[in-house]
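Biologist: Hi! Could you walk me through this one? I'm new to it.

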Amino acid sequence: MISTSIKKGVSFVALLIAHATLTMALTASPTKEASGSVPTGQLSADVEPTHYHLSMKIDPSQTDFSGTTTINIKLNKDLMSFYLHGQDLTISSAKITNAKGDETSVSVAATNVVGVMKITSQDVLKKGSYTLAMDYDAPFNENLEGLHRVKDGGLYYAFTQMESIYARLAFPSFDEPRFKTTFDFSVTVHENHAVIFNTPEAKTTPLGDGWKRVDFVTSKPLPTYLIAIAVGELDVVEWTDLPATDVRKRPLPLRGIATKGKGKGLEYALKNTQAIVESLEDYFQIEYPYRKLDILAVPDFAAGAMENAGAITYREQLLLLDEDSSISHKRRYKGVQGHELAHMWFGDLVTPVWWNDIWLNEAFATWMSATALDIRWPDEEWTSGQIRASKRAMNSDSIPSARKVRNPIKSNSDIITAFDGITYMKGSGVLSMVESFMGKEKFREGVQKYMNKYAWGNTTAIDFFETIASVLEPAKAKAVVKSFRHFVEQAGVPLLDIQQSCKDQKTTITVSQERYTPLGTEFKNDTMWSVPACMSYGLDGTVQQHCEMIDKKVQSFELSGTGCADWLMPNVNAAGYYRFNF
């Protein structure tokens, strides 16, 4: 996702950067459980979803929509009650059915934790498989979250924005990234309305009286935050399928979607999508993971863009351009398109267990976008721009109130604040630094190993660090994991003081480290890092390079080669996330 907190600048890099009532109609007077016993963060592992069937009726001209959510669930222990997510939903009926088809009465109650509701059975539910079905009505959200309405050109449209915790506004769900399951979706809409979902349409059934039902192909495993729905008199531009490649053995259907009359403005975006997709496929050596690719231009959109699997939504200004558009407009399009497409692998195919590692999704997509765009347009300096942006993150990372990249997430408010410049810019800078230290090909080998190992599953940042580093010899791998953790689990910027000396035709570098402290700032505690520093130097008219893990307060090492270095640059290509003094 391109975060709203950093969307307003004119460059791609700048772009990167109420208590709702849950109404339950099932019981005469639903009680609210004390918040102390209700999960404010992660739900219990006692119950987990294994499949959803979402059935909705959506008319964007109305203020409300309705639906039935049927969830296959697995109980990992005997219990009488459990929690799931739902917000601003009026539940009219709910039932649980066991594998034999026996129904059990359940009640639904709101809790004092926003977005969390409690299901209670009259009888003990034994460990095993069940189906939970809930009928409900809900208002279209007014804050461009969940399932919401947009008015454009006098017509109403319905769009979704489920990240981070807004799927619960659209349907009852286990609204966490670790609950990654398959989805079926069917929707009743006006017969002149188009419908977009994450998967291709399976069939359309006329219902009479101006209505139709559209059913979609079962999805690959997805978390709820990647579900996408769009309904209305949409322009659907059927583009030429992207041809099969050495990595992808099948053609890939590509479409552009915009509100009525705007479809013609999608040609430039569609024409340039193939190059980005193929660059990403080449880097990962994994084919685009989904059955189709839709890019949607949304006229009123709180986020800059959102990586819904197979149906990526963008603020329409990013996609509506042509050959005569400004260079800066074209760069914004390419940068954001690269970022969101990178998420199809990193974030969608492989998904974090919890929101404390959402930084890795966004940092990697920021870094990967520049890497992929450099493959296709090497003269446009995408990686240089990404590295410059990471240095700007040092301004906010240098103050006492700076937050860690990998912050604990204990509540909804922690989730909301996890999308900022530290996430996108510092995170991508740390990746650039480690790539420089490991070498591009070794780093790429580690990324490919990680993607193949965890495809269609969930991981933590530690899984990423350890898998990336595992392509190195053990001692170096251990040092890389330690360095990763130092840079994302503590705030601040290292400052390296460099001393150079030469004796007996050998150049010695002595480095001392401390936390960079802006003028007038004081820090109570010393901070130490394992800094993967790569330095270039001149020796007898040749340029040499040396990488060293700086993990002590003061550390010395010799440069390779005989002779005294003519010059020293302590940060090769500015890839290291640190400052230095001579």
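Biologist: Where is Ser 164 found?
Modeller: Ser 164 lies in the loop between strand 9 (155-161) and strand 10 (182-190). Keep in mind that this is a predicted model.
Biologist: And what is the peptide bond from Glu 163 to Ser 164 like, cis or trans?
Modeller: That bond is cis, and its omega is near 5 degrees.
Biologist: Okay, new topic. What is the volume of the largest pocket?
Modeller: About 470 Å³.
Biologist: Which residues are closest to its centre?
Modeller: The lining has 21 residues, and those closest to the centre are Thr 371, Thr 383, Glu 435, Lys 440 and Asn 573. By class, the lining of the largest pocket divides into seven nonpolar, eight polar and six charged residues.
Biologist: Which helices supply at least two residues of that lining?
Modeller: Helix 3 (273-284), helix 6, helix 7 (382-397), helix 9 and helix 10 each do. The largest share is four residues, and it comes from helix 6.
Biologist: Tell me about helix 6, then. How many residues does it have, and how far does it reach?
Modeller: Helix 6 covers residues 358-376, which is 19 residues. From its first C-alpha to its last it reaches 27 Å, close to the 27 Å expected at 1.5 Å a residue.
Biologist: Why do you call helix 6 largely enclosed by the rest of the structure?
Modeller: Because 16 of its 19 residues are buried.
Biologist: What comes in the loop between helix 6 and helix 7?
Modeller: Glu 381 has its place there. Its phi is near 55 degrees, a positive value in a residue other than glycine. Glu 381 counts as partly exposed, with 47% relative accessibility.
Biologist: Is Asn 573 buried or exposed?
Modeller: Exposed, because its relative accessible area is 65% and the cut-off for exposed is over 50%.
Biologist: Back to the helices. At what angle do helix 9 and helix 10 pack?
Modeller: Helix 9 (residues 421-438) and helix 10 (residues 440-454) pack at about 115 degrees, and their axes are 6 Å apart. Helix 9 brings Leu 431, Val 434, Glu 435 and Met 438 to the contact, while helix 10 brings Lys 440, Lys 442 and Phe 443. By class, that contact has four nonpolar, no polar and three charged residues.
Biologist: What about Phe 465, buried or exposed?
Modeller: Phe 465 is buried, at 0% relative accessibility. It is found in helix 11 (residues 461-469).
Biologist: What is Phe 465 in contact with?
Modeller: Leaving out neighbours within four places in sequence, Phe 465 is in contact with Trp 359, Val 481, Phe 484, Arg 485 and Val 488. Phe 484 is 19 residues apart from Phe 465 along the chain, with 6.8 Å separating their C-alpha atoms.
Biologist: One last stop: where is the place of Leu 321?
Modeller: Leu 321 is in the loop between helix 4 (316-319) and helix 5 (327-343). At 5% relative accessibility, Leu 321 counts as buried.
Biologist: And what does Leu 321 touch?
Modeller: Not counting residues up to four places away in sequence, Leu 321 touches Gly 265, Tyr 268, His 329, Lys 330 and Tyr 333. The C-alpha atoms of Leu 321 and Ala 269 are separated by 7.3 Å, though these residues are 52 residues apart along the chain.

Notes:
Residues are numbered from 1 along each chain as its sequence is written. This is a predicted model: local features need pLDDT of at least 70, side-chain atom pairs count only at pLDDT 80 or more; totals for chains, interfaces and linings use all residues. Side-chain values use heavy atoms; hydrogens and water are left out. The expected span of a helix is 1.5 Å times one less than its number of residues. Buried means under 20% relative accessible area, exposed over 50%, partly exposed in between (1.4 Å probe, protein chains only). Axes are lines fitted to C-alpha atoms, for helices over the stretch in contact, and angles run from 0 to 180 degrees between N-to-C directions. Contact means heavy atoms within 4.5 Å. Ala, Val, Leu, Ile, Met, Phe, Trp, Tyr, Cys and Pro count as nonpolar, Asp, Glu, Lys and Arg as charged, and the others, Gly among them, as polar. On a 1 Å grid over the protein atoms alone, a cavity is a set of points where a 1.4 Å probe fits but cannot get out, and a pocket is an open set with protein on both sides within 12 Å along at least five of seven lines; lining residues have an atom within 4 Å of a point. Grid points are joined across faces, edges and corners, and a volume is the space filled by probe spheres set on the points.
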